[in-house]
Amino acid sequence: MENTISQTNSITVCGKICSDFELSHKVYGESFYGFYIDNKRLSDASDILPVIISERLLVNDDFNKGDTVLLNGQIRSYNSSDGIRTHLVLSVFVKSIEKQYDSDDIINSVNLDGYICKPPVYRTTPFGREIADILLAVNRAYGKSDYIPTICWGRNAKYVASLSVGTNISLYGRMQSRNYQKKLDDDTVITKTAYEVSASKLEQRL
């Protein structure tokens, strides 16, 4: 089952640890820790990505803020509530981790196979660039699913906009972070961060 699931949801990403490790949660006595990595883009911009890792993967190595690491795992999602609203939270769930020494590699590779679970939202930018947003449901073990926001561009955007809810697609891309402004009820504006997959290749599965 694990091999099947990993084929439908996998991410490999290299980056610098840019935060301290903090206890995230415990499951059946096993502790999981959260931290962030700074993943460079070809443009020299960065994506700051959230990571969750089991204590079991930390016992044999001493990982610290500032270390460059190569992570293999899956993209996981869960719903977080502030008591008023619920929002979707994404993270990189680590299956393996290793230090990278003197590495300038730009690695951020995502493979997903899932089902469109909301109608695609197609739009064009003021400069005429085509964009489509989809929410992809990717099956996980034990009857669970991860819901992963995905953005498509150009011809991929136009193609995916024509697909219906329930369509099975596979895609390749990268995980990215994006800052945006949100206006609160008291008219104050705060900056928040969204996480999504930017698809570079996709196809419908028959």
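How many of the 206 residues of the protein count as buried? The share is 41%, where buried means under 20% relative accessible area, exposed over 50%, and partly exposed in between (1.4 Å probe, protein chains only).

## Before you start

This is a predicted model, in which local features need pLDDT of at least 70, side-chain atom pairs count only at pLDDT 80 or more, and totals for chains, interfaces and linings use all residues. Residues are numbered from 1 along each chain as its sequence is written, and side-chain values use heavy atoms, with hydrogens and water left out.

## The overall fold

Let us begin with the whole protein. It has two helices and 12 strands; helices (H or I, at least four residues) and strands (E, at least two) are DSSP runs, numbered from the N terminus. Followed along the sequence, these elements give the pattern α-β-β-β-β-β-β-β-β-β-β-α-β-β. The radius of gyration of the protein is 18 Å, close to the 17 Å that the globule rule gives for 206 residues, so the protein is as compact as a globular protein of that length. Here the radius is taken over C-alpha atoms, and the rule is 2.2 Å times the number of residues to the power 0.38.

Along the principal axes, the C-alpha atoms fill a box of roughly 50 × 45 × 40 Å. Contact means heavy atoms within 4.5 Å. Among contacts with a separation of 6 or more, 60% are between residues 24 or more positions apart.

## Surface and charge

What does the outside look like? The accessible surface of the protein comes to about 12,200 Å², and carbon and sulfur atoms account for 48% of that. These areas come from the Shrake-Rupley method with a 1.4 Å probe; for residues, only the protein chains shown count as cover.

The protein carries 24 positive and 25 negative charges, and their mean positions are 6 Å apart. Lys and Arg count as positive and Asp and Glu as negative, while His and the chain ends are not counted. Each charge is placed at NZ of Lys, CZ of Arg, CG of Asp or CD of Glu.

## Inside the protein

In soluble globular proteins, nonpolar side chains tend to be buried together. In this model, the largest nonpolar core has 36 residues. Such a core is a set of buried Ala, Val, Leu, Ile, Met, Phe, Trp, Tyr and Cys residues joined through side-chain atoms within 4.5 Å. The residues with the most contacts inside the core are Ile37, Leu71, Ile75, Leu112, Leu171 and Met175. Leaving out residues up to four places away in sequence, Leu71 touches Ile11, Thr12, Val13, Ile37, Val51, Val94, Ser96 and Ile97.

Ile53 counts as buried because its relative accessibility is 0%. Beyond residues up to four places away in sequence, Ile53 touches Phe21, Ser31, Phe32, Tyr33, Phe35, Leu58, Val94 and Ile97. Ile53 and Ile116 are 63 residues apart in sequence, and their C-alpha atoms are 28 Å apart in space.

## Along strand E11

Strand E11 (residues 168-183) includes Lys182, and Ser177 lies in strand E11 as well. Is Ser177 buried or exposed? Ser177 is buried, because its relative accessible area is 16%. Apart from residues up to four places away in sequence, Ser177 touches Arg41, Ser46, Asp47, Ile48, Leu49, Thr193, Ala194 and Tyr195.

Lys182 has a relative accessible area of 30%, so Lys182 is partly exposed. Setting aside neighbours within four places in sequence, Lys182 is in contact with Arg85, Thr188, Val189, Ile190 and Lys192.

## Loops and the chain end

Two loop residues are worth a look. Asp44 sits in the loop between strand E3 (30-40) and E4, and has a positive phi of about 75° although it is not a glycine. With a relative accessible area of 66%, Asp44 is exposed. Tyr142 belongs to the loop between strand E9 (130-139) and strand E10 (145-153). Phi of Tyr142 is near 65°, a positive value in a residue other than glycine, and Tyr142 counts as exposed at 80% relative accessibility.

Finally, Leu206 is in the segment after strand E12 (189-204). Leu206 counts as exposed, at 100% relative accessibility. Leu206 and Asn168 are 38 residues apart in sequence and 7.3 Å apart in space, C-alpha to C-alpha.
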